[in-house]
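Here is a short report on charged pairs and a helix. Look at the structure first, then read on.

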Amino acid sequence: MDGPVRSRLASSLSDFQFGAVATETIEDALLHLAQQNEHAVQEAAGRMGSFRETRIVEFVFLLSEQWCLEKSVSYQAVEILERFMVKQAENMNRQATIQLREKKEAQNWKTLKEQLFNKFILRLVSCVQLASKLSFHYKIISNVTVLNFLQSLGYVHTKEELLESELDVLKSLNFQINLPTPLAYVEMLLEVLGYNGCLVPATQLHATCLTLLDLVYLLHKPIYESLLRASIENSVPSQLQGDKFVSVKEDFMLLAVGIIAASAFIQNHECWSQVVGHLQSITGIALESIAELSYAILTHSVGANTLERQQPVPPHLEARALRATASSNT
């Protein structure tokens, strides 16, 4: 990444301020996020999360960096793309089911998949562009910039096709693209922690949280697979257990507390228990659940060996490590 890009991203992070909002406003915003999260968890479908793959997320992150977009835009773009692709897959499945029921000649499945993936890069770039428009106070990516980028990859499109692609995404999602992201939950909880007298400064935690959130997006599958194995204390989950676990993957409030807890451990592990206690009090999420997710994140970032070398090890993390060892030996 070149100097100007680094400078601009660093500037956007340093401009972030905590403690500038009235407590009443924070309480209302936190309640709204909690309600959104509960609805998302309840509505989680079997295929949710299937397009949060490492290569796709990395592409979005690198493109956002190249276009000097703030972090929130990259997360928003991933979520828009995820919802859009899930909708497309559901529509294809529904179409095939109707054709079979009515005994009509079904369209070749291979052809349907080709139609979906032939336009994948175009749809991905459209999701990034739409996400940039939601943060119009920062920077909007122009059609010329998008077309030049696509052409550099060997994809030749017109402005009309680009607009049609954006409209296709918008219509598929019923124009509901201002989707919540884990970052919104992280920043809201950090704001509350600041008012509650957290020993680790919110600004200090914020930078580490962004790094770990990137990591969770990039390693979404292995992190949540390890969390599933730990929760059932079995190294080989059944299909039913995996299906039921989908709601956990869509729980952004849980992810946010896990991210903050892991960040607190990295910043000052002696304050970990205090931070986790505050998070449990604010969200009502069990200490054990926070410990399990933060442990999964930490083992994929700093490594299990590093955790074991930290003394004293917080009791909940120590218990979590022992269960992880037991489940791996099952």
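## What counts as a salt bridge

A salt bridge is a side-chain nitrogen of Lys or Arg within 4 Å of a carboxyl oxygen of Asp or Glu. The model shown here is predicted. A search of the whole structure finds five salt bridges.

## Asp168 and Arg123

Asp168 pairs with Arg123 in a salt bridge. Their closest N and O atoms are 2.9 Å apart. This pair links distant parts of the chain. Asp168 sits in helix α8 (residues 159-172), Arg123 in helix α6, and 45 residues separate them.

How covered are the two partners? Asp168 has 25% relative accessibility, so it counts as partly exposed. Arg123 has a relative accessible area of 9% and is buried.

## Helix α6

Helix α6 spans residues 120-134, 15 residues in total. From first C-alpha to last, helix α6 reaches 21 Å, close to the 21 Å expected. Helix α6 is mostly covered, with 13 of its 15 residues buried.

## Two pairs that involve helix α4

Glu79 forms a salt bridge with Arg52, with 2.9 Å between the closest N and O atoms. Glu79 is in helix α4 (residues 71-101), while Arg52 is in the loop between α2 and α3. They are 27 residues apart. Both are buried. Salt bridges that share partners join Arg52, Glu79 and Glu250 into one network.

Asp214 forms a salt bridge with Lys71, at 2.3 Å between the closest N and O atoms. Asp214 lies in helix α10 and Lys71 in helix α4, so the pair ties together parts 143 residues apart in sequence. Asp214 counts as buried, at 14% relative accessibility. Lys71 is partly exposed, at 25%.

Definitions and conventions: Residues are numbered from 1 along each chain as its sequence is written. This is a predicted model: local features need pLDDT of at least 70, side-chain atom pairs count only at pLDDT 80 or more; totals for chains, interfaces and linings use all residues. Side-chain values use heavy atoms; hydrogens and water are left out. Helices (H or I, at least four residues) and strands (E, at least two) are DSSP runs, numbered from the N terminus. The expected span of a helix is 1.5 Å times one less than its number of residues. Buried means under 20% relative accessible area, exposed over 50%, partly exposed in between (1.4 Å probe, protein chains only).
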